[in-house]
Amino acid sequence: MNEVGKSLPKIDALGLVRGTPAFTDDLAPRTSLCVVAVRSPHAHARILSIDASAALALPGVLAAFTWQDVPRVAVTRAGQGHPEPSPRDRFILDEYVRHVGDEVAIVAAETEEQAREAARAVRVEYEVLTPVLDFETALDNPVVLHPEPEIHENFPIGFEPKRNVASAYSMHVGDVDAVVARSEVVLRRRYFTQAQQHVALEPHCACTWLDVHGRLNVMSSTQTPWHVRRIMARALEREVKEIRVVKPRIGGGFGGKQMLHGELFCALATLRTGRPAKMVYTRREVFEATNTRHPMRLDVTLGSDRDGTLRAIDLEVLSDTGAYGEHALTVFMVAGAKTLPLYNKVEAVRFGGRTVYTNRVPGGAFRGYGAIQGNFALESALDELAGELGLDPVVLREKNMIAEGETSPIFAIMGEGTEGVEMIVESCKLPECLRRGKELIGWDAKGARREVAPGVFRGLGMALAMQGSGIPTIDMAAATLKLNDFGSFNLLIGATDLGTGSDTILAQIAAETLGVPTGDIIVYASDTDRTPFDTGAYASSTTYVTGHAVRTAALKMREEILVEGARSLGCAPASATFDGREVRGPEGAITLRDLSTKLLYNEHQKQLMTTGSHLCEKSPPPYMAAFAEVEVDTGTGEVRLIDYVAVVDCGQAINPNLALVQVEGGLAQGIGMALWEEVVYGPQGHLRTRDLMSYKIPGREDIPSIRAELVASHEPSGPYGAKSVGEIGIDTPPAAIANAVAAAVGARVRDLPVTPEKVLNALPG
Amino acid sequence: MNISLELNGRHADWDVEPGEALLEALRRHGVLSVKRGCDTASCGTCTVLLDGAPVPSCAVPAPRADGRSVTTVEGLPEETARLGACLAAEGADQCGFCAPGLVVAVVAMSRELATPDDDAINHYLAGNLCRCGGYVSQTRAIRRYLEEAR
Amino acid sequence: MAVKAYLRPKSAAEALALVEGDERAALIGGGAYLRLAARGYETAVDLCDAGLDRVRVEGGMLWIGAMVTYRRLETDSVVRDWCGGLLGRCVENIVGVQVRNIVTVGGTVAGRYAFANLTTALLALGAEVVLERGGRKPLEQFLADKALVRDVLVEVVVPAKPQRGAWRDLTRVRTDFAVLNAAAVRRGAEWRVAVGARPGVARLSYGAAKAAAAGDALGAGAAAAAELDFGDDLRASAAYRRRVCSTLVARAVEEVLS
């Protein structure tokens, strides 16, 4: 292979480093109105009266909207397939506000200063309602968050708003209670995972304008242009054909841009005034009024033999979706669907629970998407079981983990919001990952724990993880190739590069298939008018799903080039070959450069343009074995991460450097969740962590050593053997680090993050 | 109010608001390489050189720049191209939103510290957050840049 | 910021004249926390041209101008030489080089920021402040002053070199504000032990100083934990801070003793 498997530089690298205007706020029309939201100061309230007349009278103010001025159509802001598996429980603006920061009104003015002044001038009278702030008390609480009659589920997801339930789910294989009852060893533990903020460095931003045809154009820092277009059309009571959505460069997403935020508000302003409009979220707004990771309570029961043979796994989950049910069901399901198949040999397995509403920042999509929560509980519990059995945690995993050629009934039972798809695991290099990971961290050499200074101990911990590659039978992507004169190609894709380099990776796949250098592929992406459809950048899908579509388009293009080349050479296509540089027949050859130019200007003129389309049919998991070394100070409870080793089976890496950085970046975000990151509220539901001074993400000194490696692997169902790598990196740190802390000092922390205070309190004796 | 500054080696006369941050003034005047990330001087994304010293332009009042020099990546084309190539070679450039601020900080570091080791690099650049990568590939790229510069 | 005028006076006296009697005027020291601190002010009085950015040694004491930045505390050879570089060490992890290039000694001390490591270190060093109107007074007294008098902080004075000092702080991520910080300084037989970010503004522990003078590091830790008040905030609970106070103070005193 010439292009695939090479660590080529990202095609947009230099432009971005130079600071070329490329992000929404850089590209928004200079004449844009500035859109600002009036936000709720209360966690739960009813708007008794609202008056924007004083705001409208201020200089520069062109429009103001309250819940009485906007279409009342129930929507979800979750950028998911159609119909969405999330409840339609939101309106553009509503009479009720359900978290501090919820939108109360929207104003648009010539300048930001004027818009902020106008927002302050909107008079609102609230009836303050009792908030539900503790998710363990939300079910059947007398305070109901969503009494509105119009809200609904699109298909059965267990939606019971009168009970504060956004979704519910349960499944089982075998009789878990019976198997647990006759297990030699039973371990029951409760774990908690916290809300986490994405902290993409680019705050959410959207702008809108009307084009010469009067159509609404939307530019947005979104991961899902097509879902944004569809949901906007519904919310605004317009036709999809009236709207175009474009994604320029995005400054990080991580799932945080898989929900709609400013798009609808800008659209209101543009449709009312005819003027371009722009809304740039402040960092505080990103914290208060976008989404977080769903916090969860996870009850794990393991039944096992004394020799470490797992017999049963039971995982009961309560998930907190905050004020609105974005991704409520699907994140919840992934907590089981992308963890439980790891241990596929059990006789019985059960998973179930509910997602409940509270008056907090809504939960939403976030890299890992439930898997990291489930992983923390399951991989912590396995370590605790290993401790009880006196087994090496690695040995316990080796004894029970899934292997190539095997399957799990869960693949067929659990999809995302619906049933799943049966699947035999065709690539799983977990044994290699474990072997290499142990070697890198020095698992056998270092032993359980060492005292490195008085009262300071080092310890090792580990965890396994799996993810998926796209959502089977739902994720669909297409790609179009267009041959240009002088031999270059346009690659048009709906896929959404969040900064990961997926545009580059897809160009590499096109180049490899065509036999041309990646530099001859000109990528244009993420435009609902000008590129083919793509469900978007989520669920670890782009390389695996869109990559397939690109390869198909390129194979078709090769065929067409061969046909046209043969015609030009006067031979039969069957007797001609194409090597990417020239079409060669029995008596001569024509270069692609000449052929493509002749095709547009000189003979048999026609445009060669091919489209490939791919529906994800299975979701082969990437796998990882991860090892953490920590140093714990028993005088303060401080945990210092010394080393983190991750060995990954992501199939064939199309671009190894970019795959490794996905792993490294995922690990850093997971390490942040494990040790420091935490969304904290005050007693009345006000966010106390609403800037980067109070909400701390890891800096470069906090993560001195991450060592990620890829093992050789080939997934037969993937383009050039590829699986996904976008999410798997984030899954292991919470469990691996908690396990390492327990190994070092005997302190088992079961609620994240693992803070010094919790470690100190959990120290034995 | 009017201020005069030297922007990337050229004289500039700007009309700024007395309460405006240098970041806002720069972007308003079309210097779009300087990105707004956090509003609280916590992320390093808006780093510029003020009289040669790296500062968060979101926390420097624009009027304080009167009579001083301001440098952004637009004024550091050679360093930007070389560091950009190193970042790209390591796959360390991801979304690119933090990249211009990082370049400015690395240039300042290379002028202040003769031969920083990895710890010194990480310490000097601790104020430049990145959420896409895990920092280690950035460090590899920066080391490569510093070695090439010597 | 709704600032209508931005002024850069040429001296502390001129600055004082501008802010005196004008409740809507705010002094700008560093500017890092401008957006937090300056809401509602109409006039910004920036001290950047007031000649307050000097570091000098006079009468055996270290005089640090109010506009000297944190970064200068780390890099200035005179400051680095003072008490083993305690002043540089206590600020070297604050956010990043960019922020330390604008945050000033005067802005920190005058702001009486409870989270400030620098205040804890200065308190342990027995520093004094020099105010344009109020003259020279001990930092401890300045921090305790409840009545807010409009004045301009001109310099911070650190007394003659102590024999030894030690710094300890505990943070979540490295560049965060401290969960708790502690400094211990010995000058001859005299000890001063300060603890800050409790989360209240830094205070001296006299009990810890007494135990330290008796060579009892663990006793010093226990004394500080018993003597000082601690509170809850999002970084930690009062109970945790009290426990960690013993550890940090004991370790700081131990380092000075050894």
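Predicted model: local features only at pLDDT ≥ 70, side-chain atom pairs only at ≥ 80, totals over all residues.
1. Strand 1 (residues 2-7) and strand 5 (residues 69-71) of chain B pair in the parallel sense, over two bridges. To find the spot on screen, look for B:Leu7, which stands opposite B:Val70 in strand 5 of chain B. If pairing is new to you: strands of a sheet pair through backbone hydrogen bonds, either parallel or antiparallel.

2. Now zoom out to the sheet around that pair. What order do the strands take in this open sheet of chain B? There are five strands, running 2-1-5-3-4, and the pairing is mixed. Strand 2 (10-15) and strand 4 (53-56) of chain B have a single partner strand each, so they stand at the edges, with one side of each left without a neighbour in the sheet. On average, neighbouring strands here are turned by 40° against each other, ignoring direction.

3. Helix 3 of chain B lies across strand 3 (47-50) and strand 4 of chain B, and runs at about 40° to strand 3 of chain B.

4. Next, the place where chain B meets chain A. The contact takes 42 residues from chain B and 44 residues from chain A. On the chain B side, the elements giving two or more residues are helix 2 (77-90), helix 3 (99-112), helix 4 (118-124) and helix 5 (136-149). Helix 2 of chain B makes the largest share of that side, with eight residues. Sorted by class, the side of chain B that touches chain A has 22 nonpolar, 15 polar and five charged residues.

5. Over to chain C and a pair of helices. Two packed helices are described by the angle between their axes and the distance between the axes. For helix 11 (residues 217-227) and helix 12 (residues 238-257) of chain C, the axes come within 7 Å and cross at roughly 145°. The crossing of these two chain C helices is right-handed. Residues making the contact include C:Ala217, C:Gly221 and C:Ala225 of helix 11 and C:Cys245, C:Val249 and C:Val253 of helix 12. By class, this contact has eleven nonpolar, three polar and two charged residues.

6. You'll find C:Gly21 in the loop between helix 1 (12-19) and strand 2 (25-28) of chain C. C:Gly21 and C:Arg150 are 129 residues apart in sequence, yet 8.0 Å apart in space, C-alpha to C-alpha.

Notes
Residues numbered from 1 in each chain as written. Chains lettered and ligands numbered in written order. Contact = placed C-beta atoms within 7 Å. Helix = DSSP H or I, 4+ residues; strand = E, 2+ residues; numbered from the N terminus. Nonpolar A, V, L, I, M, F, W, Y, C, P; charged D, E, K, R; others polar. Axes fitted to C-alpha atoms, helices over the stretch in contact; angles between N-to-C directions. Left-handed = near helix turned anticlockwise from the far one by under 90°. Pairing = 2+ DSSP bridges.
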